[in-house]
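Morning, everyone. Please have the viewer open, and I will keep this brief.

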Amino acid sequence: MPVTSAPHPSAPAAEPRRLLWHRLIFGLWYRPVEVLDEARDRSVWGAAAFLSLLSGALGTLGKDSFWGQWEVSPSLALWAMAIGSAVMLFGSLLLGGVTHAIARRLGGNGRFAPTASLFVVLFWASDLPRLVLDTCLPSGSVPVRAAASVTAAFGCILAVLLIRGQHHLPTRKAMAAVSIQMIAAVVLLKFPPGSA
């Protein structure tokens, strides 16, 4: 009588490792390619909202007008900070949506939620050193302007890597998809008029 062997049950597929916020945010600085590859096809709206609100608060703290208002009325100053953070959040989401739309127009095939949320995360994660320095030093000081230059270049590189990976676009098209937004960010946020 022939011996029949039962087929071995297939091993269950391993669940993807959770991408914790600190690994995502800080990992972008020391292993960006690995982190962006690990985050592919994942939505990170929580981290995006947190970084947008944090950056809005830090940006408000770096303005002399906030401290002038604080001396008059701390509650109004805090309301101004909350409004500024909400504006940053809305603007960041809009920025991520525009980036996704341009990438799709150029032939990309990525999904909206991972592209937009990851774009917001890397945009503000790369800008955190400048924002922190700006709260302690004058906006036109050499360290702040140097940090603005370095973080702008680094953020642009990260954005190109993100769009190239998410939308399977060649590098030149990925650069085209992010160039307008990054230039606008450099002009309006990192080197605003009157900061020199």
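This is a predicted model: local features need pLDDT of at least 70, side-chain atom pairs count only at pLDDT 80 or more; totals for chains, interfaces and linings use all residues.

Residues are numbered from 1 along each chain as its sequence is written, and side-chain values use heavy atoms, with hydrogens and water left out.

Start with helix H5, residues 74–105. Helices here are DSSP runs of H or I, at least four residues, numbered from the N terminus. H5 packs with helix H8, residues 171–190, at an angle of about 155 degrees, and their axes are 7 Å apart. Axes are lines fitted to C-alpha atoms over the stretch in contact, and angles run from 0 to 180 degrees between N-to-C directions. So H5 is roughly antiparallel to H8, a term for angles over 145 degrees.

Who makes the contact, meaning heavy atoms within 4.5 Å? From H5, Met-88, Leu-95, Val-98, Thr-99, Ile-102 and Ala-103. From H8, Ala-176, Ala-177, Val-178, Gln-181 and Leu-189.

Now Ser-92, also in H5. Is Ser-92 buried or exposed? Buried, because its relative accessibility is 4%; the cut-off is under 20% relative accessible area, with a 1.4 Å probe and protein chains only. Leaving aside residues up to four places away in sequence, Ser-92 touches Ser-52, Val-120 and Trp-124.

Last, Leu-24, in helix H1, residues 21–30. Leu-24 has 0% relative accessibility, so it counts as buried. Its C-alpha atom is 9.1 Å from that of Glu-38, 14 residues apart along the chain.

Key:
Helices (H or I, at least four residues) and strands (E, at least two) are DSSP runs, numbered from the N terminus. Buried means under 20% relative accessible area, exposed over 50%, partly exposed in between (1.4 Å probe, protein chains only). Contact means heavy atoms within 4.5 Å. Angles under 35 degrees count as roughly parallel, over 145 as roughly antiparallel, 65 to 115 as roughly perpendicular and the rest as oblique.
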